[in-house]
Amino acid sequence: MPVDRRSALPVLPVDRTLEFLVRGYAFGQHGFDAVGRDAFTTRLIGRRVIFARGSGWVRFFYEGDRFTRDRAMPRSVKHSLQDEGSVQTLTGGEHRNRKALFIDVLDASARLDLDCHVAEAWQKEWAAASGNRVSLLELAGRALTAGVCT
């Protein structure tokens, strides 16, 4: 398996754009399996890209302010997915402070509480809609909001 001189990561040779389009999310898993590591480099649309997974890589990317989120996402995508000021668009201290608000729900007991609240809210919404024609999107929005805000 060839190794990239700049990153010392294994390389999946040749441009893999078509394979990426065909495999979708499974492309990464296939690459990790092929190289036997949690990171590799290849080319998509002629550009060198790195695929990485695991807690070590998460720390590498998100700790130490190595990268900026500024202009990382086109405005049209940003507005359709999250909008200005969401935690993913913030940097430095602003990002860390906003992220801390969300981290509390990641411990096991908080996740279990959240799961229970959301499940209960789903049951209430489903029962209230029973026999009526409903928009699943609206029902889901109400249930998730109620579950999270409990």
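User: Where is R16 found, and why does R16 count as buried?
Analyst: R16 is found in the loop between β1 and α1 (17-23). Helices (H or I, at least four residues) and strands (E, at least two) are DSSP runs, numbered from the N terminus. Now for the label: buried means under 20% relative accessible area, exposed means over 50%, and partly exposed is in between (1.4 Å probe, protein chains only). R16 has 17% relative accessibility, so it counts as buried. This is a predicted model, where local features need pLDDT of at least 70, side-chain atom pairs count only at pLDDT 80 or more, and totals for chains, interfaces and linings use all residues. Residues are numbered from 1 along each chain as its sequence is written, and side-chain values use heavy atoms, with hydrogens and water left out.

User: Which residues is R16 in contact with, leaving aside its neighbours within four places in sequence?
Analyst: Those are F27, T42, R43 and L44. Contact here means heavy atoms within 4.5 Å.

User: What makes D4 and R48 a salt bridge?
Analyst: The rule asks for a side-chain nitrogen of Lys or Arg within 4 Å of a carboxyl oxygen of Asp or Glu. For D4 and R48, the closest N and O atoms are 3.0 Å apart, which passes the test. This pair links distant parts of the chain, with D4 in the segment before β1 (11-15) and R48 in strand β3 (residues 47-52), 44 residues apart. At 12% relative accessible area, D4 is buried, while R48, at 29%, is partly exposed.

User: How do you know that D38 forms a salt bridge with R53?
Analyst: Check the gap again: the closest N and O atoms of D38 and R53 are 2.8 Å apart. D38 sits in the loop between α2 (26-35) and β2 (39-44), and R53 in the loop between β3 and α3, so the pair ties together parts that are 15 residues apart in sequence. Both are partly exposed, D38 at 38% relative accessibility and R53 at 30%.

User: And why does E125 count as buried?
Analyst: E125 has 19% relative accessibility, so it falls on the buried side of the cut-off. Its side chain meets that of R142 in a salt bridge (2.9 Å, N to O). That pair links distant parts of the chain too, with E125 in helix α6 (residues 108-129) and R142 in helix α7 (residues 136-148), 17 residues apart. Salt bridges that share partners also join R16, E19 and R23 into one network. The whole structure has six salt bridges.

User: What makes β1 and β3 the edge strands?
Analyst: The open sheet has three strands in the order β1-β2-β3, with mixed pairing. β1 and β3 each pair on one side only, and that makes them the edges. Neighbouring strands are turned by 20 degrees against each other on average, direction ignored.

User: How many bridges join β2 to β3, and how many join β1 to β2?
Analyst: Two strands pair if DSSP finds at least two bridges between them. β1 and β2 have two and run parallel, so they meet that rule. β2 and β3 run antiparallel and have six. T41 of β2 is the bridge partner of V11, and T41 also stands opposite I50 in β3.

User: Why is β2 said to be largely enclosed?
Analyst: Five of the six residues of β2 are buried, so the rest of the structure largely encloses it.

User: What makes the nonpolar surface patch?
Analyst: Patch residues have over 30% relative accessible area and no salt bridge; like charges are joined within 9 Å, and nonpolar side chains (Val, Leu, Ile, Met, Phe, Trp, Tyr) within 5 Å. Here V58, F60, F61, Y62 and F67 make a patch of about 490 Å², with areas from the Shrake-Rupley method with a 1.4 Å probe, where for residues only the protein chains shown count as cover.

Terms used. Axes are lines fitted to C-alpha atoms, for helices over the stretch in contact, and angles run from 0 to 180 degrees between N-to-C directions.
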